[in-house]
2 protein chains.
Amino acid sequence: MNGVGEDQIVFEIAVVVPKRNLKEENEGYDCVEVLVNEFRNVGFVVERVIGLSDEFIKLAAPLETLGRAAAKLHMKKPTRIGIDLQFEWEEVEAFVRQPDGSLFSWCERFQCYHHLIYETVNKKNSCITLKFDGKEIQWEVGESLLRRLELEGIVRQVFPLHDETKRKKLLRNWALNCWDFTNQPIDDIYAYFGTKIAVYFAFLGMYTRWMIFPAAFGLILQLVDFGSLQLLVLPAFFISIVLWAVLFFQFWKRKNSALSARWHLNFSVSTSQGYKLLGREWGSLQSPMELTKNLGTDKTKEKEAFQKYEWFSYLKRFRNDAIIILSIICLQLPFELAYAHLYEVIKSDIVKFGLTAVYLLVIQYFTKIGGKISIRLIKYENNENTEYKADSLVYKVFGLYFMQSYIGVFYHALLHRNFMTLRQVLIQRLILSEVLENLLENSLPYLKYSYKKYRAVRNKKKREKGSTGKIQFTSRVEKEYLKPTYSASICEELEDGLFDDFLELALQFGMIMMFACAFPLAFAFSALNNIAEIRTDALKLLAMLKRPGPRAAATIGAWLNIFQFLILMSICTNSALLVWLYDQEGKWKIEPGLAAILVMEHVLLLIKFGFSRFVPEEPAWVRANRMKNATQAQDMCSKQLLRSISGGEKAFSGSIPRKTPDGLKKTVMQRATD
Amino acid sequence: MNGVGEDQIVFEIAVVVPKRNLKEENEGYDCVEVLVNEFRNVGFVVERVIGLSDEFIKLAAPLETLGRAAAKLHMKKPTRIGIDLQFEWEEVEAFVRQPDGSLFSWCERFQCYHHLIYETVNKKNSCITLKFDGKEIQWEVGESLLRRLELEGIVRQVFPLHDETKRKKLLRNWALNCWDFTNQPIDDIYAYFGTKIAVYFAFLGMYTRWMIFPAAFGLILQLVDFGSLQLLVLPAFFISIVLWAVLFFQFWKRKNSALSARWHLNFSVSTSQGYKLLGREWGSLQSPMELTKNLGTDKTKEKEAFQKYEWFSYLKRFRNDAIIILSIICLQLPFELAYAHLYEVIKSDIVKFGLTAVYLLVIQYFTKIGGKISIRLIKYENNENTEYKADSLVYKVFGLYFMQSYIGVFYHALLHRNFMTLRQVLIQRLILSEVLENLLENSLPYLKYSYKKYRAVRNKKKREKGSTGKIQFTSRVEKEYLKPTYSASICEELEDGLFDDFLELALQFGMIMMFACAFPLAFAFSALNNIAEIRTDALKLLAMLKRPGPRAAATIGAWLNIFQFLILMSICTNSALLVWLYDQEGKWKIEPGLAAILVMEHVLLLIKFGFSRFVPEEPAWVRANRMKNATQAQDMCSKQLLRSISGGEKAFSGSIPRKTPDGLKKTVMQRATD
C-alpha cells in the first residue's frame, strides 16, 4: 500500500561531470569514482550514464535513507494529530502521508537530497589527494567533496530530474488535457512540483474561472447597444468588476488556506519558518532550564536588542524602498514620458518603428539594471528567509514594470481625452503583449534547447571526425541537461520562472482593471488568454524545461499585495475615466453626476477595505481543525510537561516564585507600603 | 514570598440575603444557614454581617480552594515555558505568577469563585425541604442551592467586593495622583480590575500622551497668524493629524500585544477562546484515537457542516447589519435632519430651548429602543463567545450614536458653508458634551448612592419607630451594596460601563478628527479633558461604584475598528472642508488647488491602508518569545507524543498508511494506470 515513489527506485537528482579518459591504474583515486563511492556509502542508489560529452551520475534515495536524513535535519512534519513534530525514523507511522501516498513531499525530499549529497565530507584525519585527468585535488578534512569539486569546476551542475512516469501522466492529464478548461489535477501538481508552483496554478485556474463573469458582462456591453442608458451601464460595470475583484481575492485567500490545510502545511501553528532572529536559532539546542534562566536574567536586555533590531530593519527597508521609488520617479518616469511624447509627435512610420525598437532595447537594460540594484539593496535588509527576500525583490521590481507598462497608456489617455484612441492603444498593447509573450515564452526555451543540442552534436562530430552517420542522443538525462532551467528573467538568485509568470498575470490584471470602463471587452480577451496560458505553462514546465527545484512558500506572497494595490488603483483610474466621460465639454465643474462618481469611488474604497473584516481569510473548518489539534496536543502531554517544568524549576532555583527583577522589586515595594 | 492576596484572607464576594427573624428551633433547616454551611464545606472562609435591612455573607477562598476549583474547571494557565497548560494543583510551581506575585489573576479568581458558589448542589438522594421565614423551599437533587435561592428571590444579589488595602493604595497612587498626568500603575490596575479595564486605561493614557502633539500644533495654528500662508498651513495640519492618527493606532496595537505578553495572555497560541464551534467542545474529552477515527471517516461531512454553519452565520450577521443600517438611514436620519432644520428655522429662543428639550428626551428613547432591538438581533447571530457578542452590539449601537452626534454638525456645515458658524457649533458641542458628560458621569452614581442610603435609613426608621438618634451604616459591605454597579447605559447584559467610557472617547475622537481643519484648537480641549478623564474615571471606579466583575478580553475589540473607520471618515470630511475653503465663491470648478486636494486625499487613504503592512502589529520580541515557546514545548514532548500517536494508530487500524477515502482511491487508480 506504499505510494508509487517508494516501491520503485526513481532517480531524482543528477550530477554532471565531464567525460574523462579513465586509466585503470589510478581509478581508486579518481575524484569521480570517490564521489560515487561516497554517494553509495551515504545510501544512494547510483546509476552512471555516459553522454555525448559529459557523464551523468543519477541518484535515487530509498525511503530509509531519506528518513534518516530528515531525522538528522530535525525536519518538522505534520503528524496524525495535526501538529508538526520533529521527524523520527522509528516513529514513522505517526506522520501523515502526502495525498499521493508517499511519506515525504517533493520539497522535503529535495531538502534531504541536498543534505545528503553535500554531506560527503572527508572523515579521515588527513587530507586526501584526488586526481582528475592528471590534475590533483586536495580534499581537506571535514570538507564536502561535492562542494570542492564544484569549486574546481569538475561538477558542472546538480539538477533535479524529471520522474518519467509521473511526468507522462501529468502531460496526459494536465498539459494536453485542454478540454478541462480551468480544471487541473492540483494535488498531482503539488506532488510533482512542490507548493509554490501548485499554488500558482491553483491561482491561475481560479482566476480564469472567476474571469468568466466579467468577460461575459464585457461582451454584453460590447455587443448590445444600450442607447441612452449607456451612461448608466458603464458605472454599473465599474462597480461590479471592483466588487468582483474584491470578492475574488478574499475567496482566493480562503482557498489558499484550504489548500494549505489539505497539504498539511500548518504554517500558523508550526514554527518551521521565521523563528530565526538576532542570528540565533531557537529550538532544540537550548534546554528548558537554560531558557528560563535566560528569560529571568536578561529579559529586558533581550527585549531591547529585539526592538533595536526590529526598528533598524524597518529603517533599512524604508530607505531602500525610498531609493527605489525616487529613482523610478526621477529616472524612469521622464524617460517613459519622453518616449510616449516622441511617439505621439513623430509622423513618419519608419522613424516610429525605429524609435520603438530603440525603446525596447533600452528598457531591457533598464529592467536588468533595476533588478541588479534591487538585489544589491535587498542584501542590506534583514529579511528573515529567502521567501521574504524574494517578496522584497518582487515589490521593488514591480515598480519598474508598472511604470513601463502603464505610463504610456496614462499619457495617451490624458493627452487625447478620447475613449476611442485609448481603446485602440489598449487593444494594441493587450494583443501584442499577450500574443508576443506567449510565443516568446514557449519558443525561446525550445530554441535554446535546440541550439544546445546542435552544438553538442557538432562538438562530438569534431572530436570523432572519423565516425559517420547521425549522432543520436540516447540518454534522457543528457537531453534534460541541455534543457533550460525555469529561471526568472530579472535575476536567478532569489526568484525562479514563477516571477515572470506572475508578472504577466499582474500586468494583465492591471491593464484590464485600470481601464475597465474604457474597454470592457478586455476581460474576454484575457479570459481566453488565460485558458491557453494554463496549458502552455504546464507544457513549458513538463516538456521544455528542467524540473524546477521546489520552493517552500505556500502562498502567492508579494503578488497578493500587488493585486490588491492594482484594485485600488483601478478604483481611482476608473473614477477618473468616468468623470471624463461625463464631462466631455471639459468644463471640469462638479455637477451632481461628477459628485455621484466621487461618492461612488469612496464607497467602493470603503467596501474594498471593509470586506476583508467581515469574511475571514481562513475558513471556519480549517481554523477549527487547527484549534482542535493544538488543544489536543497540549492535553496529551500536559501533565508530563508540567512535571518537567516544575522539576527543572526546583533544581534550578530552589525557591518557589521566580520573577523578573521588575516584578520582584514591585512585590517588595508593595510589602513596604502595606 | 507569596503575594499579598495569598497571605491574608481577603473577602472578595458577597451574597446578599434579607434579614430574618430567626427562631432557634429550626435553625438547621433555615436555607441561609444551609447555604453558609455548604459554603464552608466547599472550602470558603465565611463572614456574616448584619446590615440595616439585609444580611451579607462575605466569602473568601484560600489559595488551595481556588486551585482545586481551577483544576476542576480545566483552566488553562501560562507556564514558565510560555505555553498554556491545564492547571494542576500538584504542579503549581510550573505556572507563572502574576506581576503582583499572586498565582491567580482577578479574572481567574472570579471564575473560580463563580464555579464554587454555584457548585453547592444537593448531593443526597432525595430533595431537601428548607425553610425561610416560614416559607418552604424544595431543594431538588443535583440542583444548585444558590441558583434555587436566587430564583426564589431570597438571594438578592451576588457581587464582588472591593479589597480595602488595594483599593486605598490605588486611590493614593492612581486616582488622586493627579500630577502624574498620563502615567498610571497599569499592572496594579490589571491586578485589581482585570484585563479589559486595564486595557482601557492603558489606551486612554497612551491616547492622551500622543494627543499632546496635535494639541500643540492646533494651539500654534490658533495663536499665530500665518497671513497668506494660512491656506498652506491647514492642509499641512490635516496631513499631519491623519498621519498622527494612523501611527497612533498602529503603535497602540503593538503596545496592546506587548501588554498581553507582559500579563502572560498568549492568545495567539492558547486556544482558551473560540474553539467551540458546532456546539461541541474539542478538548480533553476525546482521546486521540477517537479523533483520528472521526477525521478518517467523516472529514468531508464535517467540513461541509462547518462551511454551512459559517456561511449561515455570515448571512445572519449580514441581515442584521442591513436591518440596523437601513433603519438608521430611514428612521433616524430624517428625524435628526428635521431637528437640525427646525432649530435653524425657528427664531424664538424659548421655542428653540423647548425643541432641544423634546429632542433630548426623544433621543433617549431612540437609543434605548435601538439597544434593545440590537440585543434581540444579536441573539440570532452565532457569535462564538460573549466578547464577540459585545463587539457586535458595539458596532450596531455606534451607528445610532454616530448619526446622533454628527448629522447636526454636517447639516450646519453643508447649510452655511461657513467656517465660523461651524466652529461655533463645534465649540458648543465639544464643551457642552464634555463638561456635561463628565459632570453627569460623576454625580449620577453619587446621587443614586445617596438616595439609596437615604431610603434605607428611612425604612429602618419606619420599622423601628421607637428608636431615636441618627442611624449609621456600620458595615462597609452594606455601603458597597448600595453603590451602583458599573453598567452600560444601553444594556446591562453584554456590556459594562466600559461601553460608555469608550463611546465618549470615540465620539470625541470623531468630532475633533472629522472637523480638524475647521477647528484645530479642539485637540487642545480634548487633551485637557482626557487628562481629567483618567482621574475621574479612576475615582468613579474606586470610590463611587461597586467593584466591577472582570472581563476576559485583552484588546479594545470593536472600538479599534470604529476608531479606524473614524480616521477614514476624517480623511474624506477634511478634504471636503478644504475644498470649501478654497472654493469660497462656490464655483465648484476643479482647479489645480482642488485637484491637489483630491490627490492628497487619495495618497492619505493609501498611507492609511498601506502603513499597517509595513509595521506589524506584534513587536518582534513578543513574536520571537511566542515562537520560542511553541517550539520548545513541542520539542520537549515530541518523542513521547510520537510514540503515543503511532501506538494508538497501530492499535486502531493494524495497517500502516491510513488515508481518507479519497486518497485511497487515488492510490488505487495510480496503480492501475502505472
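## Exercises on a predicted model

Chain A has a secondary structure of 20 helices and 10 strands. The model is predicted.

### Exercise 1: chain A as a whole

Task: State what share of the residues of chain A count as buried, and what share of the contacts between residues at least 6 apart join residues at least 24 apart.

Solution: 
1. Chain A holds 674 residues, and 38% of them count as buried.
2. Take the contacts in chain A between residues at least 6 apart in sequence; 75% of these link residues at least 24 apart.

### Exercise 2: an open sheet

Task: Give the strand order of the four-stranded open sheet in chain A, and find which strands stand at its edges.

Solution: 
1. The order is E2-E3-E1-E8 in chain A, with antiparallel pairing.
2. Strand E2 (45–50) and strand E8 (157–160) of chain A each have a single partner strand, so they stand at the edges, and one side of each lacks a neighbour in the sheet.
3. From one strand to the next, the twist averages 25°.
4. Now take one pair. Four bridges connect strand E1 (residues 13–18) of chain A with E8(A), in the antiparallel sense.
5. Within this pair, A:Ala14 has A:Phe159 in E8(A) as its bridge partner.
6. Helix H2 (residues 31–42) of chain A lies across E1, E2 and strand E3 (54–60) of chain A. Its direction is at about 150° to E2(A).

### Exercise 3: classify a loop residue

Task: Decide why A:Glu88 counts as partly exposed.

Solution: 
1. Locate A:Glu88: it is in the loop between strand E5 (84–86) and helix H4 (106–117) of chain A.
2. Count the neighbours: A:Glu88 has 18 C-beta neighbours inside 10 Å.
3. Apply the cut-offs: buried needs 20 or more, and exposed needs 12 or fewer.
4. A:Glu88 has 18, so it counts as partly exposed.
5. Check one pair: A:Glu88 and A:Arg68 are 20 residues apart along the chain, and their C-alpha atoms are separated by 7.8 Å.

### Exercise 4: a helix span

Task: Compare the span of helix H15 (residues 498–514) of chain A with the expected value, then say how many of its residues are buried.

Solution: 
1. H15(A) has 17 residues.
2. From first C-alpha to last, H15(A) reaches 24 Å, close to the expected 24 Å at 1.5 Å a residue.
3. H15(A) is mostly covered, with 15 of its 17 residues buried.

### Exercise 5: a hairpin in chain B

Task: Describe how strand E6 and strand E7 of chain B are joined.

Solution: 
1. E6 (residues 128–132) and E7 (residues 135–139) of chain B run antiparallel and are joined by five bridges.
2. B:Leu130 faces B:Ile137 in E7(B), standing opposite it.
3. Two residues lie between E6(B) and E7(B), which form a hairpin.
4. In the turn, B:Asp133 has a positive phi of about 50°.

Note on methods. Residues numbered from 1 in each chain as written. Chains lettered and ligands numbered in written order. Predicted model: local features only at pLDDT ≥ 70, side-chain atom pairs only at ≥ 80, totals over all residues. Pairing = 2+ DSSP bridges. Axes fitted to C-alpha atoms, helices over the stretch in contact; angles between N-to-C directions. Contact = placed C-beta atoms within 7 Å. Expected span 1.5 Å × (residues − 1).
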